[in-house]
Amino acid sequence: MTQKTILLIASALGGLTVAIGAFGAHALAKLLESTGRVETFETAVKYQMYHTLALLAVGLLLFRVEQPALQVAAWCFFIGILIFSGSLYVLTLTGITWLGAITPIGGTLFIVGWGALFYAVLKAL
């Protein structure tokens with residue numbers, strides 16, 4: 001993934017996160033309350049934003065550091081968002097509870113991404 005691609009994805013995900021959060025707070029509020037999924041939806045939005053910011057940091061760090069582990073971190077954050085937050089969004093909207101079983105895969109990717117970022121900084125700076 002190129003630096004430009006990482007920064008474009010982070011920018012798009014940042015805007016999308018705000019839009020999804022607002023949509024959940026307004027258009028989906030009654031549905032989420034009636035199904036008891038407000039907290040789950042909010043967790044998905046929070047983790048999406050945290051890792052969007054991490055992806056942005058990786059993209060910016062690539063201006064100064066050429067370290068292959070940064071690519072690993074970028075992919076882990078991006079795919080982790082898709083799996084972790086994506087599975088929680090689908091769960092909250094459909095009630096398909098087995099999706100909760102794949103959410104930890106996304107969480108594991110987040111952890112691996114942070115580890116890769118740590119390693120890249122350790123080796124490069």
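Student: Before we start, what does buried mean here?
Tutor: A residue is buried when its relative accessible area is under 20%, exposed when that area is over 50%, and partly exposed in between. Keep in mind that this is a predicted model.

Student: Great. Is threonine 52 buried or exposed, then?
Tutor: Threonine 52 has a relative accessible area of 3%, so it is buried. This residue sits in helix H3.

Student: And which residues does threonine 52 touch?
Tutor: Leaving out residues up to four places away in sequence, threonine 52 touches Ala10, Leu13, Gly14, Thr17 and Ile81. Ala10, Leu13, Gly14 and Thr17 are among the buried residues of H1.

Student: Which other residues are buried in H1?
Tutor: Ile6, Leu7, Ile20 and Gly24 belong on that list too. The buried residues of H1 pack against helix H2 (29-35), H3 and H4.

Student: How far apart are the end C-alpha atoms of H1?
Tutor: They are 35 Å apart. With 24 residues at 1.5 Å a residue, H1 should span 34 Å, so the two values agree.

Student: Let's zoom out. How many helices and strands does the chain have?
Tutor: There are 5 helices and 0 strands. Following the sequence, you read the pattern α-α-α-α-α.

Student: What does the C-alpha trace span?
Tutor: About 50 × 25 × 20 Å along the principal axes of the chain. Of the 125 residues, 40% are buried.

Student: How about contacts along the sequence: what share joins residues at least 24 apart?
Tutor: Taking contacts between residues at least 6 apart in sequence, 77% join residues at least 24 apart.

Student: Now the inside. Which residues touch the most other members in the largest nonpolar core?
Tutor: That core has 29 residues, and Phe41, Leu55, Val58, Leu70, Ala73, Phe77 and Tyr89 are the ones touching the most other members. At least two core residues come from each of helix H1 (3-26), helix H3 (38-61), helix H4 (68-94) and helix H5 (103-124).

Student: Which helix gives the most to this core?
Tutor: H4 does, with 11 residues.

Student: You mentioned Ala73. What is alanine 73 in contact with?
Tutor: Setting aside its neighbours within four places in sequence, alanine 73 contacts Val58, Gly113, Ala116 and Leu117. Gly113, Ala116 and Leu117 are buried residues of H5.

Student: What else is buried in H5, and what covers those residues?
Tutor: Thr103, Gly106, Gly107, Phe110 and Ala120 are buried in H5 as well. The cover over the buried residues of H5 includes H3 and H4.

Student: What span should H5 have?
Tutor: Its 22 residues, at 1.5 Å a residue, should span 32 Å. The end C-alpha atoms of H5 are 32 Å apart, which agrees.

Student: Why does valine 90 count as partly exposed?
Tutor: Because its relative accessibility is 38%, which falls between the 20% and 50% cut-offs.

Student: Last one: where is threonine 2?
Tutor: Threonine 2 is in the segment before H1. With a relative accessible area of 47%, threonine 2 is partly exposed. From threonine 2 to glycine 15 there are 13 residues in sequence and 20 Å in space, C-alpha to C-alpha.

Note on methods: Residues are numbered from 1 along each chain as its sequence is written. This is a predicted model: local features need pLDDT of at least 70, side-chain atom pairs count only at pLDDT 80 or more; totals for chains, interfaces and linings use all residues. Side-chain values use heavy atoms; hydrogens and water are left out. A nonpolar core is a set of buried Ala, Val, Leu, Ile, Met, Phe, Trp, Tyr and Cys residues joined through side-chain atoms within 4.5 Å. Buried means under 20% relative accessible area, exposed over 50%, partly exposed in between (1.4 Å probe, protein chains only). Helices (H or I, at least four residues) and strands (E, at least two) are DSSP runs, numbered from the N terminus. Contact means heavy atoms within 4.5 Å. The expected span of a helix is 1.5 Å times one less than its number of residues.
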